[in-house]
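Here is a friendly walk through one model, taken a piece at a time. Have a look at the sequence and the fold, then read on.

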Amino acid sequence: HTGFVAIIGRPNVGKSTLMNKLIGQKVSITSKKAQTTRHRINGVLTEGDTQYIFVDTPGFQTKHGGALNRVLNRNVSQALGEVDVVVWVIEAMKFTSQDEAVLNILPRETPVILVVNKVDALERKNDLLPFVQKLSTRFDFAQIIPVSAKNGIQTDVLLNQIKPYL
Ligand code: GDP
Ligand code: MG
């Protein structure tokens, strides 16, 4: 199984940290399928017969509104429709207007896994469940998973959740 995984989210939520944790030292670009995307490839993880091709989505734009951005956002939505699974990263307890903008361009026909990152930094663990429950009413996520990209908490579980979609 080989498939494209787009890791998206506003700046500073921990996308690069997560990608590095998931790929670890095993970065290699070996997939033939890798040449068939218009996304930017950040790395490929090969695990047994499964290849995860992690990509960035070009033109990702969430800062401003307006007509130009509507066009850009439509392109982003289309690009996200071309991957096998979208991993949307947010930060635990910190949902901003930039996150809201990302929420509004999530693709309808690609599974979206919501990753709630930085749970290691949570001051009150009990706040997490209501935060997650509220988000679950906003979109039909394939999965919702709290992680710490930095400490590697639940990042292996995330990989296993991505796997069936490849
Ligand atoms: P990106 O802009 O989404 O790629 O975010 P980065 O991966 O560059 O991370 C932004 C900041 O958040 C950096 O200072 C990271 O060290 C920090 N960070 C990332 N993941 C975690 C995490 O799981 N826990 C904590 N406490 N900090 C994190
Ligand atoms: Mg980054």
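Let's begin with Asn42, which is partly exposed because 18 other C-beta atoms lie within 10 Å of its own, while a buried residue needs 20 or more. Keep in mind as you read that this is a predicted model.

Asn42 sits in strand 2. Setting aside residues up to four places away in sequence, Asn42 touches Met19, Phe54, Val55 and Asp56. Val112 is 70 residues from Asn42 in sequence, and their C-alpha atoms are 19 Å apart in space.

## Helix 1

One of those contacts of Asn42, Met19, is also among the buried residues of helix 1, along with Lys15, Leu18, Lys21 and Leu22. Viewed down the helix axis, the buried residues fall within an arc of 165°, so they line one face of helix 1.

What do the buried residues of helix 1 pack against? Their partners are strand 1 (2-8), strand 2 (40-47), strand 3 (50-56), strand 4 (85-91), strand 5 (112-117) and helix 5 (155-162). Just after helix 1 comes Gly24, with a positive phi of about 55°.

## Around ligand 1

Now for the ligand. Ligand 1 is surrounded by 15 residues, and the closest are Gly14, Lys15, Ser16, Thr17 and Lys150. Helix 1 (residues 15-23) gives the largest share of this shell, with three residues.

Which classes make up the shell around ligand 1? Seven of its residues are polar, four are nonpolar and four are charged.

Terms used
Residues numbered from 1 in each chain as written. Chains lettered and ligands numbered in written order. Predicted model: local features only at pLDDT ≥ 70, side-chain atom pairs only at ≥ 80, totals over all residues. Near = placed C-beta within 6 Å. Helix = DSSP H or I, 4+ residues; strand = E, 2+ residues; numbered from the N terminus. Nonpolar A, V, L, I, M, F, W, Y, C, P; charged D, E, K, R; others polar. Buried ≥ 20, exposed ≤ 12 C-beta atoms within 10 Å, placed from the backbone. Arc of directions from axis to C-beta. Contact = placed C-beta atoms within 7 Å.
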